[in-house]
Amino acid sequence: MKQKVTLKQIAKELDVSISTVSKALKGSKEISEDTRQKVKAFAKLYNYKPNNIALSLKNRKTKTIGVIIPEIIHHFFTTVIGGIEKVANANGYNVIICSSNNSFDKEVLNMELLASGSADGFIISVAKETQQKDDHHHILETMNQGMPVVMFDRVIDELICDKVIIDDVRGGQSATSHLLLNGCRRVALITTVDYISVGKLRTKGYKRALMAYDIEVDDDLILKIEDVSNCSDSIHDFLKDKDIDGVFAVNELFAVTAARVLKNQGKTIPEDVALVGFTDGILSKHFIPSLSTVSQHGVQMGERTAQLLIDKLEKNEEGIEEYKTVIIDTSLIQRESTQKKGN
């Protein structure tokens, strides 16, 4: 009897991507006929069996929720997980947590693993590569086969499902307006590349705040970072000899890195340059000076996300499909990085 194989093994043997294998097995016209036939022949030879999610849901419940996040070390995601576990455990559910490490292929594999009978439903914040590729067939296929999905933070607008988000535009505008209200007029922005949805939306809020103060957007004051984990050199080069009096950074890592770079350049925070970050994590609270920031209320986001999924699993037996987009309010927390002496 031949050993069963996985999508990953098929992809490796045929030297194609996991996405290509998945689409080929579904008969997608995006894949050439030759490749489709090769994949299907290989899958048949080695007895590959796709996950029968609908049958699993009909016949048995695992009382387990699968959670897929982009990165495990980010403080925001740890707070969301805390909220998810609180509500899940109170309702008799266990939680399995997987990290995609911002990899599209790993996200697909995580979903395949959990959909094989390990979980009843998904909570997911999509990987950076998933947004970059604009490929979410694996999520759509899972939903089409009967497994409920709730998205949070990084969501796919085209997918019709429950979502829990914050108003990133409003949060970015609030942070920038706080700097402008404190007298800053040349505010630099440290953000992500545009295909990362939250960075794009917070950038939009930054621009709105400038326009509200009749300040023209200066592209020379905007840094868009692609490799978030290796941002130090980019931020150092960007801030070198920059004529600025304020910085808005769209995440905590960018904010802390900018503060360190500014201090190394002999700038005093907030007297020379005021600074506001995003995500109220441990670093923001304990950095010297402590950082003003926009709080995303991750615990609350996790609680609402878990409740939406559990409601789908337990209270929708009539088959009526109603989807909600829940918007969690942000709040600006003012600390030392924007509080000049005498204010």
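What is the volume of the second largest pocket? In this predicted model, the second largest pocket comes out at about 470 Å³. Of the 21 residues that line that pocket, Gln131, Val155, Asp157, Ser197 and Leu201 are the closest to its centre. The largest pocket has a volume of about 680 Å³.

**How the chain is divided**

- The chain splits into domain 1 (7-50), domain 2 (58-166 + 298-329) and domain 3 (168-296 + 332-338).
- Take the centres over C-alpha atoms, and domain 1 and domain 3 sit 45 Å apart.

**The second largest pocket**

- This pocket lies between domain 2 and domain 3, because both of them give residues to its lining.
- At least two lining residues come from each of β5 (162-166), α9 (168-181), α10 and β11 (325-328).
- Sorted by class, the lining of the second largest pocket has nine nonpolar, three polar and nine charged residues.

**The largest pocket**

- A total of 30 residues line the largest pocket, and those nearest its centre are Glu71, His74, Val228, Asn251 and Leu253.
- Helices α5 (75-90), α10 (197-212), α12 (252-264) and α13 (282-286) each put at least two residues into the lining of the largest pocket.

- Domain 2 and domain 3 each contribute at least three residues to the lining of the largest pocket.
- By class, the lining of the largest pocket is made of 12 nonpolar, 11 polar and seven charged residues.

**Two helix pairs**

- A pair of packed helices is described by the angle between their axes and the distance between the axes.
- Helix α6 (residues 104-115) packs on helix α8 (residues 137-144) at about 15°, and their axes are 10 Å apart.
- An angle under 35 degrees counts as roughly parallel, so α6 is roughly parallel to α8.
- The α6 and α8 crossing is left-handed.
- Helix α11 (residues 232-239) and α12 cross at roughly 50°, with axes that come within 10 Å.
- That angle makes α11 oblique to α12.
- The crossing of α11 and α12 is right-handed.

**Backbone spots to look at**

- As background, most peptide bonds are trans, and most residues other than glycine have a negative phi.
- Ile269 and Pro270 are joined by a cis peptide bond, with omega at about 5°.
- You'll find Pro270 in the loop between α12 and β9 (274-278).
- Ile288 and Pro289 are also linked by a cis peptide bond, with omega at about 0°.
- Pro289 is in the loop between α13 and β10 (292-295).
- Asn102 isn't a glycine, yet it has a positive phi of about 60°.
- Look for Asn102 in the loop between β2 (94-99) and α6.

Methods
Residues numbered from 1 in each chain as written. Predicted model: local features only at pLDDT ≥ 70, side-chain atom pairs only at ≥ 80, totals over all residues. Heavy atoms only, no water. 1 Å grid on protein atoms, 1.4 Å probe; cavity = no way out; pocket = protein on both sides within 12 Å on 5 of 7 lines; lining within 4 Å. Points joined across faces, edges and corners; volume = space filled by probe spheres on them. Helix = DSSP H or I, 4+ residues; strand = E, 2+ residues; numbered from the N terminus. Nonpolar A, V, L, I, M, F, W, Y, C, P; charged D, E, K, R; others polar. Domains from an automatic or database assignment. Axes fitted to C-alpha atoms, helices over the stretch in contact; angles between N-to-C directions. Parallel < 35°, antiparallel > 145°, perpendicular 65-115°, else oblique. Left-handed = near helix turned anticlockwise from the far one by under 90°.
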